[in-house]
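Subject: Structure for you to look at

Hello,

Here is the structure I said I would pass on. Please look through it first, then read the notes below.

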Amino acid sequence: MTAPNTESAAVRPARRGRAPVVVAVSLGGGTGAAARYAASLWWPTQTGGFPWTTFWVNVAGCALIGVLMVVVTEVRDAHRLVRPFLGTGVLGGFTTFSTYAVDIRHLFAADQVRTGLLYLAATPLAALAAVWLATWATRRVSPPGTRGDTDTKSERSS
């Protein structure tokens with residue numbers, strides 16, 4: 001005789017509990033990807049030119065991720081679906097490091113090696129700087145005494 005399958009009974013409720021998160025990420029991802037696509041239509045990149053639209057989309061998206069993470073983890077309590085919808089979904093769909101890789105490939109194929117190398121280095125550096133600066137600035141402007149705030153107002157102004 002075999003033991004009853006107790007694992008499947010425990011897995012079913014867990015899957016149902018994740019369904020709202022999957023829906024939130026999906027809806028947010030579609031929204032973010034549509035916004036990114038709209039930006040590429042409004043500001044198209046010329047063949048062989050520096051892909052400014054993708055560059056600024058990634059930098060702006062990373063900055064917004066920095067702001068969002070501080071707000072939802074340190075400043076205020078947020079609904080459990082805010083972070084998956086906005087962070088993973090909207091901003092994950094908006095930022096596009098796959099297009100960044102394709103842009104580099106196109107630049108190299110068009111013999112724009114210097115531009116490709118500049119873009120290759122500048123994008124992750126600018127994106128990381130944007131996250132750091134946005135996180136720092138959001139913490140600086142957050143009201144004293146907010147959730148996760150351990151320093152005093154006088155320490156903030158120094």
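The structure holds one salt bridge, meaning a side-chain nitrogen of Lys or Arg within 4 Å of a carboxyl oxygen of Asp or Glu. This is a predicted model, in which local features need pLDDT of at least 70 and side-chain atom pairs count only at pLDDT 80 or more, while totals for chains, interfaces and linings use all residues. Residues are numbered from 1 along each chain as its sequence is written, and side-chain values use heavy atoms, with hydrogens and water left out.

Side chains of opposite charge can pair when their charged atoms come close. Here the partners are E74 and R139, whose closest N and O atoms are 2.5 Å apart. E74 lies in helix α2 (residues 52-75) and R139 in helix α5 (residues 113-141), so the pair ties together parts that are 65 residues apart in sequence. R139 counts as partly exposed, at 39% relative accessibility (buried is under 20% relative accessible area, exposed over 50%, partly exposed in between, with a 1.4 Å probe and protein chains only).

Overall layout

The chain has six helices and zero strands; helices (H or I, at least four residues) and strands (E, at least two) are DSSP runs, numbered from the N terminus. Of its 158 residues, 28% count as buried. Among contacts with a separation of 6 or more, 71% are between residues 24 or more positions apart, where contact means heavy atoms within 4.5 Å.

V72 is found in helix α2 and is buried, with a relative accessible area of 13%. V72 and R83 are eleven residues apart in sequence, and their C-alpha atoms are 7.1 Å apart in space.

Aromatic rings

The count comes to ten aromatic pairs. Rings of Phe, Tyr and Trp (its six-membered ring) pair if their centres lie within 6.5 Å; planes under 30 degrees apart count as stacked, over 60 as edge-to-face and the rest as tilted. The rings of W52 and F55 have centres 5.8 Å apart and planes at 85°, so this pair is edge-to-face. Both residues lie in helix α2, three residues apart, about one turn of the helix. W52 counts as partly exposed at 46% relative accessibility, whereas F55 counts as buried at 7%.

The rings of Y100 and Y119 are also edge-to-face, because their planes are at 65°, with the centres 5.2 Å apart. This pair links distant parts of the chain, with Y100 in helix α4 and Y119 in helix α5, 19 residues apart. Y100 is buried at 11% relative accessible area, and Y119 is buried at 0% relative accessibility. One aromatic cluster is formed by F50, W52, F55, W56, F97, Y100 and Y119.

Largest pocket

On a 1 Å grid over the protein atoms alone, a pocket is an open set of points where a 1.4 Å probe fits, with protein on both sides within 12 Å along at least five of seven lines; lining residues have an atom within 4 Å of a point. About 320 Å³ of space lies in the largest pocket, the volume being the space filled by probe spheres set on the points, which are joined across faces, edges and corners.

The lining of the largest pocket has 20 residues, and T45, P51, T54, T99 and D103 lie nearest the centre. Helices α1 (6-42), α2 and α4 (97-109) each supply at least two lining residues, and α4 gives the most, with four. By class, seven of the lining residues are nonpolar, eleven polar and two charged (Ala, Val, Leu, Ile, Met, Phe, Trp, Tyr, Cys and Pro count as nonpolar, Asp, Glu, Lys and Arg as charged, and the others, Gly among them, as polar).

Regards
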